[in-house]
Amino acid sequence: MDCSDLIAPARRTFLGRAGKATLSLAAFSLIAGNEAFAQGAASTMQDVNILNVALGLEHEAINAYQLGALSGLLQKPVLDVAVQFQGHHKGHRDALAATIRKLGGTPVAEKSLDEYARALRADTLKSQGDVLDLAARLELGATNAYLGVIPAFKDSALAKVAARLAADETMHWSILASALGRPMPMAALSFGA
Amino acid sequence: MRSIAILLFCAGVGATAHAADAERGKALYETRCIGCHSIDANRIGPAHKGVFGREAGRAKDYEYSPALANAHIVWDANLLDRWLADPEQLVPGQRMNYSVPEVADRADLIAYLRTQR
């Protein structure tokens, strides 16, 4: 999947020109008096920054499921689902990285598994329920993070990509919550608020 | 002029009328912020322990955007409120871009962060 295919043609034309967009490009454009171009480059950079935060979330999710898989705490059917969810996150990662590159940005690098283990306190996971609870917290957080940045995108096509990512994370959260025996949300519009 | 001053005063009273609820703020943090942040660890975003009263861009070992690293602001209730309402407006070039539109939600989140010394 390459979500940059969802970017509108006019935007792609601009982005093609701004493919090497950097802060210096925006500054140069301002100096040269091309304020509209500078604003376009600045908007692109803001979108790239948002996409890179999203990519950071996906790196962490992939590694969280890796930690769960390696923990030995997941029973076979649950492990299969966790690996499938990890595959979804790898798909998100690849799509986001490709889009960031097409916009002229540099995808944020993945950290080591040990760094994720420390940050997520993997040493405190003692049962399958602990692993699922961590995954559910991260998936809900990711859902709300994606929903929360939608208004900040300058390109509405990228906002739609964030909404599609949020939908995947919501699907993950729903299945995890069900596996944990938790009730569905009582109120409508419980996500993103 | 006097009426404008009265209006501004009333607006100020309205903005502070919500009694901030740190417990509700904790619950909001667990659903709205936990995707990127933790209290004790740098993740996608910086650790929040001690953020209230700290200079922006100074969480240990976290790599900030140049914009935030050079913002030279100290997080108090007012600045945290403005940051959560519209981070790009407060610090152009920042990387968070996540906003909390509701005044009461921001107040409760800030009340919770204030407890995380």
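Which residues are buried in helix α4 (residues 77-85) of chain B? In this predicted model, local features need pLDDT of at least 70 and side-chain atom pairs count only at pLDDT 80 or more, whereas totals for chains, interfaces and linings use all residues. Residues are numbered from 1 along each chain as its sequence is written, with chains lettered from A in the order in which they are written.

In α4(B), the buried residues are B:Leu80, B:Trp83 and B:Leu84, a residue being buried if 20 or more other C-beta atoms lie within 10 Å of its own, with C-beta atoms placed from the backbone. Seen down the axis of α4(B), these residues fall within an arc of 95 degrees and so line one face of the helix. Their cover includes α5 (87-90) and α6 (103-115) of chain B; helices are DSSP runs (H or I, at least four residues) numbered from the N terminus.

The axes of α4(B) and α6(B), which are lines fitted to C-alpha atoms over the stretch in contact, come within 10 Å and cross at roughly 130 degrees. Residues in contact (C-beta atoms within 7 Å) are B:Ala77, B:Leu80, B:Asp81, B:Leu84 and B:Ala85 of α4(B), together with B:Arg106, B:Leu109, B:Ile110 and B:Leu113 of α6(B).

Between the chains, 20 residues of chain A are in contact with 15 residues of chain B. On the side of chain A that touches chain B, α6(A) gives the largest share, nine residues.

Technical notes:
Buried ≥ 20, exposed ≤ 12 C-beta atoms within 10 Å, placed from the backbone. Helix = DSSP H or I, 4+ residues; strand = E, 2+ residues; numbered from the N terminus. Arc of directions from axis to C-beta. Contact = placed C-beta atoms within 7 Å. Axes fitted to C-alpha atoms, helices over the stretch in contact; angles between N-to-C directions.
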